[in-house]
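Hello,

Here is the model for your files. My notes follow below it.

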Amino acid sequence: MENARFAELTYRISQYFDDTFASGIAAQNAMLTTLSTLLRTRVKTPEAAKAAKDISLRRKPVYQGDLDDIEMYFMATVKEIKKGIGSHYAEQEAMSKKVAEKMFAELTKGQDVQHPTITAEQLTDAMLDSVSGMEGATPEALEQLRNGLLGILQSAAEQENAHEADE
């Protein structure tokens, strides 16, 4: 509500409610209908019929302009507010990258980094270690997560081995 665009947004909404622009569009549509009808009824040529159809297609939904304006101002307001709040995306991405690099370094310690041997259990334990300090990470929840991750990783490894055997 403190955003400068909010006042413009509420003004556009009030115009929508009192039909300020809709009445203009309705009048324009009536004029186009009249023109189209006159061409169709007074001028009996194929060109006039085509022109009448083209004119008819120029009619617009009465409230569409209002709704488009409201949507545009609303989205601009939301984007400006978001910009003011800022984004933690880059910070979270950097943190995730650090965690992944730390995990990889620990899992490959003493190994050939180009061809490391990492088991599903090692990867699962490394992932659990990174989330074990989170709120709600009870021993029971961590055990359930471990079982689920281990199952997924083992299944993926089995599929990969089967795929390699087929080749």
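The side chains of glutamate 8 and arginine 12 form a salt bridge at 2.8 Å, N to O (a side-chain nitrogen of Lys or Arg within 4 Å of a carboxyl oxygen of Asp or Glu). Both sit in helix 1, four residues apart, about one turn. Helices here are DSSP runs of H or I, at least four residues, numbered from the N terminus.

A word on the source: this is a predicted model, where local features need pLDDT of at least 70, side-chain atom pairs count only at pLDDT 80 or more, and totals for chains, interfaces and linings use all residues. Residues are numbered from 1 along each chain as its sequence is written, and side-chain values use heavy atoms, without hydrogens and water.

Arginine 12 also bridges to aspartate 69 (3.0 Å, N to O). Aspartate 69 is in helix 4 and arginine 12 in helix 1, so this pair links parts 57 residues apart in sequence. Arginine 12 is buried, at 18% relative accessibility. Glutamate 8 is partly exposed at 28%, and aspartate 69 is partly exposed at 24%. Buried means under 20% relative accessible area, exposed over 50%, partly exposed in between (1.4 Å probe, protein chains only).

Helix 1 (residues 4-17) and helix 4 pack at about 160°, axes 9 Å apart. Axes are lines fitted to C-alpha atoms over the stretch in contact, and angles run from 0 to 180 degrees between N-to-C directions. The two helices are therefore roughly antiparallel (over 145 degrees).

Aspartate 66 lies in helix 4 (residues 64-85). Aspartate 66 is buried but has no salt bridge; arginine 12, the nearest side chain of opposite charge, is 6.7 Å away (Lys and Arg count as positive, Asp and Glu as negative; His and the chain ends are not counted).

Best wishes

Note on methods
Parallel < 35°, antiparallel > 145°, perpendicular 65-115°, else oblique.
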